[in-house]
Amino acid sequence: MIAFGLGIASRNSALDIIETFFPLPAVNPGEDFARELSALCGLEPGNSGYRTLDAEGLESFHAAASQAFEHEQERTAARLRDSDGPVLLCISRSQSPPTSVPEAFLKLHLLSHRLARPHEQNLDGIFSVLHNLAWTSRGPVSLQDLPGMQLQARKKGETLSVHSVDKFPKMSDYVVPSGVRLADSARIRLGAYIGEGTTVMHEGFINFNAGTEGQAMIEGRISAGVMVGENSDLGGSSSTMGTLSGGGTEIVSVGRNCLIGANAGIGMPLADGCIVEAGLYLTAGAVVRELDAEGNLVRTCKALELSGLAHRLFRRNSLTGAIECLPRKAHVALNEELHAHN
Amino acid sequence: MIAFGLGIASRNSALDIIETFFPLPAVNPGEDFARELSALCGLEPGNSGYRTLDAEGLESFHAAASQAFEHEQERTAARLRDSDGPVLLCISRSQSPPTSVPEAFLKLHLLSHRLARPHEQNLDGIFSVLHNLAWTSRGPVSLQDLPGMQLQARKKGETLSVHSVDKFPKMSDYVVPSGVRLADSARIRLGAYIGEGTTVMHEGFINFNAGTEGQAMIEGRISAGVMVGENSDLGGSSSTMGTLSGGGTEIVSVGRNCLIGANAGIGMPLADGCIVEAGLYLTAGAVVRELDAEGNLVRTCKALELSGLAHRLFRRNSLTGAIECLPRKAHVALNEELHAHN
Amino acid sequence: MIAFGLGIASRNSALDIIETFFPLPAVNPGEDFARELSALCGLEPGNSGYRTLDAEGLESFHAAASQAFEHEQERTAARLRDSDGPVLLCISRSQSPPTSVPEAFLKLHLLSHRLARPHEQNLDGIFSVLHNLAWTSRGPVSLQDLPGMQLQARKKGETLSVHSVDKFPKMSDYVVPSGVRLADSARIRLGAYIGEGTTVMHEGFINFNAGTEGQAMIEGRISAGVMVGENSDLGGSSSTMGTLSGGGTEIVSVGRNCLIGANAGIGMPLADGCIVEAGLYLTAGAVVRELDAEGNLVRTCKALELSGLAHRLFRRNSLTGAIECLPRKAHVALNEELHAHN
């Protein structure tokens, strides 16, 4: 997959590009338009890269978009004519790792614009490409520039507020995809893929390259790489174990129509229609008693071996303390009114 | 109960009212004043509604407030004379569901101003009345207006930061009730009822139509509809199960002098003086061993059946794994210094 | 230890100093410089206090710093010449409790600048010295000034956003120490001590007088007074029990190379190389089965008695429900790429 975007870049005091905003990223341009884009970037067709555009370059993009009947791109180019900050054009191949700040930002934008799904793009090395920045009330600031700017603001009786010091910004400063609610957007990184109809409550969290397929109620944490199926509900403070830190090695996912209870967690994939009882943390290696519908023991095995079974309830027996897996009875429905979006 | 308020409204680019701020909401106006208010709104006495006031309308309100010796209302009307945004008068009946954006906001203000307690007002259908908005560094913005405004800001080298995409704003942008600390106000919705002497720490959360009676230490989550009694302590990440989503059906409440430990939770009401051990999630249906003061088994029953018992400790026996309920010994006191407010 | 700093103070409408920002706090000035500083503050040598400096006082500081070859202090004094807000000089002794707002802020700065470690300074009574303030989009505001300012902003179509109502501000508005990432800085108080190489994720929290020794991955809560050793990992929503509220009396600490799993917690100190399984809350009084490497029972004792043992795994047996402590096998490594800072 080939992606491209016109972007506005932020520079630090050393004139390095530290961040890029792409108002209208896009994928799979037509053959002729793709050739024009590569030429504008000074790239061989099919390669990744970016180039800062001067006024003439922006007009060339405008003309090429017009000729390709890409009218939204044309309009965006027209709107960027009077940008104070530097405008650039970036091209990215999904198979190649990001090699520049603009390309890393373009790949993250694609996820949050729902143009690429988690795991569809090569993001190897993104941590070393991205700068660790202060995300402030005046936008992204390099850490070496920060103390001087903070003192300068204070002298005028102002505060330069630093909301985050991170390589990844919050998604909502770049794009709010359709049909979502995001109660505390500081907890959703650019690069989250949030399906139409998802509500992320204040305790919810979504990392980059992770997200939800469609309608969902997220009050727990979706770690990097984790996808949650439609009509599933992650309870408050529930956890999906990631593989970036902490020793987790299983790639976790959550099926459709699942409910992970409040303060519960999973260290293994969960099949469709499963419930994990509030408060139970189901690690991949936990030894679990599998029961049949009558409550008879079927077998004792590691939780991971049960990860393919649909419509199961996982609970800790409150008299024996044993973790049990049994066929599920009751149906869990998401609250309709709660999920009615405007 | 009849409530009213002068408000300043926000409109989107389509000129819909999307939000209203009421600096001085009030309840139960005197009979004459109430009649004047209804007339100003063009309403039959006792009905709910709102009307935008022109300069003349605002003067009429001012005169009526003066005549009713409502001097704070009079002063507020005077201060609103030079408002840039539209001023409106809204009247709301507690028994009727909200039918407009201003009325929904007025009802939420009443809760956070401690003029109405949770469950005292009809809030049916509030999710469909309220708009899903971007709450930004420049105030509330309609989602259809957002991308254009974000691009416009970026072209000038600025960031239009989106703190939340939600139907409910954070309370503290409207009112900070007396005697509270709110460490991270993004986690407290307008419509929270927060008692005098409550500290909400960074991990605390309070939904609308929910809150605390008085002094309390809240480091856990108070779900919609839940009330917490005086001198109770919700530990970090503790959970009170709500009924809006996730299958909970019991209306949860917490008595006085309770302690819900860190990472613990309840899916049932808790009587006065109860402790739930850190890490224990007590669902309504969990089967619990009730013990007497000597540790002898009294009976085995569902946790819900124990929800009326005061001064109990709920724990999971760390040798047998069984959930136990036993008479409580030690006394838990809130830290005095921590609760000294300015 | 003697500390000092030039600061810019914020005042409320009653002209009380409510907050102070110290761009370059320092400790242990040379003998001559220390004497000059005390004289400038009108203090006996060795005493704590502060004084607002007029232009002449600032020049005296500048001259004294120059004479002491304290060139960074000299430069800071020069930069403060055109400050709009009042400039003050504050001196603080680590052994004495804070007696003024500037001194309390100086002590908190020292922690976050890594000039004083947790527990190294006397902070007795800091809750009563600090004002409870609204931390807004326009800086700190006294609560009595807030409603008027909020109405004033609204009349112009603006929002005075209140991010927090607390005695402690967020650290990052004052200093970002080197080599850290702080995903959601609203959750880190001024007075946190954050070691070089620490990443605090969105779910992480660090109170004042608490923190990390060096490299660490913090996705859980570090309560007041708690220190976390190098190369340790606190999983998402994990809890370290504090002693400020909730009945905890043991001072908790976490050794080196530890992993506290997601949704787990400790109410006791943890020695080097220990793992607490995801979801397990280990209170000090929990009765635990200590096992040897072959799984044989060594003894049954309170968890607190095991707090000195290194390289142990604490888990709840998923078949018997008993909490067990056994020698640890696998090695947990922090993710290198994740911890590469710029």
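This is a predicted model: local features need pLDDT of at least 70, side-chain atom pairs count only at pLDDT 80 or more; totals for chains, interfaces and linings use all residues.
Residues are numbered from 1 along each chain as its sequence is written, and chains are lettered from A in the order in which they are written. Local features need pLDDT of at least 70, side-chain atom pairs count only at pLDDT 80 or more, totals for chains, interfaces and linings use all residues, and side-chain values use heavy atoms, with hydrogens and water left out.

## Chain A

Chain A has six helices and 27 strands. Helices are DSSP runs of H or I with at least four residues, strands are runs of E with at least two, and both are numbered from the N terminus. The C-alpha atoms fill a box of roughly 75 × 55 × 40 Å along the principal axes. Of the 342 residues in chain A, 62% are buried. Buried means under 20% relative accessible area, exposed means over 50%, and partly exposed lies in between (1.4 Å probe, protein chains only).

The accessible surface of chain A is about 12,000 Å². Carbon and sulfur atoms hold 48% of that surface. Such areas come from the Shrake-Rupley method with a 1.4 Å probe; for residues, only the protein chains shown count as cover. Contacts (heavy atoms within 4.5 Å) also reach along the sequence. Among those in chain A between residues at least 6 apart, 48% join residues at least 24 apart.

## Chain C against chain B

Here 52 residues of chain C contact 49 residues of chain B. The buried area is about 4,000 Å², with 48% from carbon and sulfur atoms.

The interface has 26 residue pairs in polar contact, both residues at pLDDT 80 or more. A polar contact is a pair of N or O atoms within 3.5 Å; within protein, one must be able to donate a hydrogen and the other to accept it, and residues adjacent in sequence count only if both atoms are side-chain atoms. On the chain C side, α5 (126–129), α6 (146–155), β8 (162–166) and β24 (287–291) each supply at least two residues. The largest share, seven residues, comes from α6(C). By class, this side has 19 nonpolar, 22 polar and eleven charged residues. Nonpolar covers Ala, Val, Leu, Ile, Met, Phe, Trp, Tyr, Cys and Pro; charged covers Asp, Glu, Lys and Arg; the others, Gly among them, are polar.

Four salt bridges cross between chain C and chain B. A salt bridge puts a side-chain nitrogen of Lys or Arg within 4 Å of a carboxyl oxygen of Asp or Glu.

## Chain C against chain A

This contact takes 50 residues from chain C and 52 from chain A. The two chains bury about 4,000 Å² between them, 48% of it on carbon and sulfur atoms. The count of residue pairs in polar contact is 26. Elements giving two or more residues to this side of chain C are β1 (2–11), β2 (17–21), β7 (139–142) and β9 (181–182). The residues divide into 19 nonpolar, 17 polar and 14 charged. Four salt bridges cross between chain C and chain A.

## Salt bridges

Over all chains, the structure holds 45 salt bridges. Some of them are listed here.

| Pair | N to O distance |
|---|---|
| Lys155(C) and Asp82(B) | 2.7 Å |
| Lys155(A) and Asp82(C) | 2.7 Å |
| Arg154(C) and Glu19(B) | 2.8 Å |
| Arg299(A) and Glu290(A) | 2.8 Å |
| Arg256(B) and Glu230(B) | 3.7 Å |

Arg154(C) and Glu19(B) form a salt bridge. That pair runs from helix α6 of chain C to strand β2 (residues 17–21) of chain B. Arg154(C) is buried at 7% relative accessibility, and Glu19(B) is buried at 0%.

In chain A, Arg299(A) is partly exposed at 33%, whereas Glu290(A) is buried at 8%.

Arg187 and Glu203 of chains A, B and C are linked in a network of salt bridges.

## Ser318(A)

Ser318(A) sits in the loop between β26 (312–316) and β27 (323–327) of chain A. Its relative accessible area is 10%, so Ser318(A) counts as buried. The side chain of Ser318(A) reaches the backbone oxygen of Val287(B) at 2.5 Å. Residues touched by Ser318(A) include Ala286(B), Arg316(B) and Ile323(B).

Conventions
Buried area is the accessible area (1.4 Å probe) that two parts lose on being put together, summed over both. Lists of a residue's contacts leave out its neighbours within four places in sequence.
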